[in-house]
Amino acid sequence: MRRWWVISGFLAAVAVLATGVWSYGYRQALGQLAQRAEADLELASDRLTAQLQRYQETAVLLADHPALGNLGAETGRQQAQSLFLDVADKTSALEILYADTRGRVLASARGTLFSDISETGYFRRALHGALGSAHGVQHPLDLRAIYYAAPAFGTDGKVRGALVVAVDIAHLEWDWRGNTPAVFFTDVSGQVFISNRSELLWWRRPVGQPGLVPAKGPSLPFSAHRVGGYEIWQLDWGPYLPARALHMTRPLPVIGMTGEVLVDVAPARRIAGLQAAAVAAICLAFGAMLYLATERRRTLAEANKVLESRVAQRTRALTAANSALRREVAERQEAEAALKRAQAELVQAGKLSALGQMSAGISHELNQPLMAIRQFADNGTAFLARGNTGKATENLGRISDMAARMARIIKNLRAFARNESEPVSRVDLVQVIEAAVELTEARLREHAVTLDWNPGTVGPVLARGGEVRLTQVFVNLINNAVDAMMDQETRHIRIAIETGPRLLVRVQDCGPGLKEPEKVFEPFYSTKAVGSSEGMGLGLSISYGLVQSFGGNIRGSNTRGGAEFTVELDPWQEEAAA
Ligand SMILES: Nc1ncnc2c1ncn2[C@@H]1O[C@H](COP(=O)(O)OP(=O)(O)OP(=O)(O)O)[C@@H](O)[C@H]1O
Ligand SMILES: [Mg+2]
């Protein structure tokens with residue numbers, strides 16, 4: 001709303017300015033026009049005055065001509081007549097005549113126009129010894145004429161007659177019709193007598209009024225006003241007169257008339273209009289530029305505001321999302337920690353399950369040497385009582401061997417039960433398999449399973465892993481193999497290490513093989529009787545997770561003779577570990 005007020009105010013200011021410029025420019029242009037009009041009017045007036053003066057002088061000169069001295073005689077009259085004709089032809093005068101004091105025409109150039117001029121004013125004035133002049137319409141030719149009457153003096157110094165020269169005005173006008181501005185000459189009564197525009201002839205200016213009205217016929221529209229000291233006429237007088245004209249006058253006392261000129265003001269108005277239009281155009285262009293600039297700035301400011309609010313909105317949304325994310329991360333971390341704990345517990349549970357499977361064998365393994373120790377101790381006591389110290393010493397040595405063997409088994413069990421904390425370290429695969437074999441040895445023996453494992457040929461094989469956890473993996477594999485071969489006569493397990501860019505440990509059995517090799521690593525997948533002590537379906541899935549955590553891999557497949565599990569591990573590299 002405010003914008004429209006500003007725009008209309010600006011337009012109004014431009015309109016006022018343009019009007020001012022127009023008015024100023026118009027006045028300036030009128031000033032120049034007036035100078036030209038004055039010059040034109042001066043030229044026309046001088047010309048007319050000069051022409052009329054010629055006739056005036058002709059009258060004065062001819063009045064003293066000696067040929068006029070003998071007009072009483074016929075020959076004298078003829079002589080004067082021929083002189084007059086000669087002069088009239090040369091000066092283009094309408095008529096030249098001589099009249100005596102009573103006004104009778106004694107001699108004339110054309111002869112027919114005048115007979116008696118006694119009543120005319122110019123003649124009377126000549127009789128008084130002065131130069132008479134008049135203007136009017138010459139009948140019967142209906143011509144506008146100017147008359148000059150010069151007195152002719154006799155030898156006694158008295159006026160004896162008058163010489164009259166009549167001038168045809170139309171003849172004078174003829175020369176200066178054309179494209180000069182409209183010029184006209186009015187007599188003392190205000191009537192147009194001479195003009196270069198025939199439309200203006202005979203118009204009359206009423207006393208006290210600036211304009212002209214027709215002497216006869218309908219009056220035409222006319223009005224006059226002043227602009228900056230100049231008089232402007234507004235008329236509608238046909239195609240040869242301007243509709244709006246600058247009017248100027250110039251008194252001409254020599255010929256008893258007033259010269260007047262009408263100059264078209266259209267060019268002045270055009271110039272003023274052009275100036276006003278140029279100023280208005282510049283102002284409008286400037287205003288438009290200003291408007292565009294402010295509009296642009298405003299649009300930019302608005303866009304900026306929108307952008308800022310959007311940024312603020314986004315920032316709020318982002319902050320909210322960020323805190324939500326942080327919460328989520330914290331939850332994830334908690335969940336991860338819980339998972340890790342659960343996994344560790346699972347591993348431990350898996351271990352306990354394996355221990356459970358092996359417990360019968362292990363207790364047998366511990367029980368048997370215990371019984372033997374007791375037997376050897378009893379025997380030793382008997383040998384000592386008999387004084388056979390050699391046999392007693394041998395029995396004591398056996399007891400010591402048995403105790404050492406029991407200590408090793410317990411040590412392995414304790415190590416197996418330990419909760420390993422470091423992620424990966426240097427592990428000797430041979431020792432790991434050895435420990436697994438020792439742990440399962442009792443069970444293997446219980447079920448008469450033969451084992452093909454020959455570590456002596458290999459020597460230490462260093463791998464990346466965790467000792468206890470790797471032991472757990474192999475204990476699981478051996479236990480599974482024993483379980484698989486339970487229902488058959490021959491029971492055999494083969495364990496072999498292959499070295500290379502990757503270390504491979506193969507555990508093969510001669511059992512029935514895997515029923516669904518692709519499923520064996522899934523948690524809770526078990527073919528063993530549900531509910532019994534064996535068959536949680538977790539052993540292989542735990543093993544899988546452990547091997548993966550060392551950067552290794554475990555695969556299960558069927559061979560011709562049974563199932564084969566391959567554990568693939570990265571060899572230990574000192575530099576990489578450091
Ligand atoms: N050497 C193998 N020969 C044939 N089948 C096997 C062998 N090892 C594993 N399997 C099959 O894979 C299944 C999954 O073994 P996994 O050790 O994960 O669970 P489980 O031995 O059944 O129970 P858990 O080990 O938890 O006491 C076994 O139930 C068995 O069907
Ligand atoms: Mg198992």
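1. Two strands are called paired if DSSP finds at least two bridges between them; helices (H or I, at least four residues) and strands (E, at least two) are DSSP runs, numbered from the N terminus. By this rule strand S1 (residues 95–100) pairs with S2: three bridges join the two, which run antiparallel. Within that pair, Tyr 98 has Ala 107 of S2 as its bridge partner.

2. This is a predicted model, in which local features need pLDDT of at least 70 and side-chain atom pairs count only at pLDDT 80 or more, while totals for chains, interfaces and linings use all residues. Residues are numbered from 1 along each chain as its sequence is written, chains are lettered from A and ligands numbered from 1 in the order in which they are written, and side-chain values use heavy atoms, with hydrogens and water left out.

3. S1 and S2 belong to an open sheet of five strands, ordered S2-S1-S5-S4-S3 with antiparallel pairing. Strand S2 (105–108) and strand S3 (132–138) are at the edges with a single partner strand each, so one side of each has no neighbour in the sheet. On average, neighbouring strands are turned by 25° against each other, direction ignored.

4. Helix H2 (residues 74–91) lies across S1, S2 and strand S5 (159–168), at about 50° to S2. Axes here are lines fitted to C-alpha atoms, for helices over the stretch in contact, and angles run from 0 to 180 degrees between N-to-C directions. Contact means heavy atoms within 4.5 Å. Helix H4 (residues 169–176) also packs on the sheet, where it touches strand S4 (143–153) and S5, and its direction makes about 40° with that of S5.

5. Strand S6 (residues 182–186) and strand S7 (residues 192–195) run antiparallel and are joined by three bridges. Phe 184 is the bridge partner of Ser 195 in S7. The two strands form a hairpin with five residues between them, and Gly 190 in the turn has a positive phi of about 90°.

6. The axes of helix H5 (residues 266–386) and helix H7 (residues 429–446) come within 8 Å and cross at roughly 90°. H5 and H7 are therefore roughly perpendicular (65 to 115 degrees). Residues making the contact include Met 358 and Ile 362 of H5 and Leu 439 and Arg 443 of H7.

7. Of the 20 residues around ligand 1 (a heavy atom within 4 Å), Asn 480, Asp 509, Ser 526, Thr 527 and Lys 528 come nearest. A polar side-chain atom of Lys 528 is 2.4 Å from an oxygen atom of ligand 1.

Notes: Parallel < 35°, antiparallel > 145°, perpendicular 65-115°, else oblique. Polar contact = N/O pair within 3.5 Å; in protein donor to acceptor, adjacent residues only side chain to side chain.
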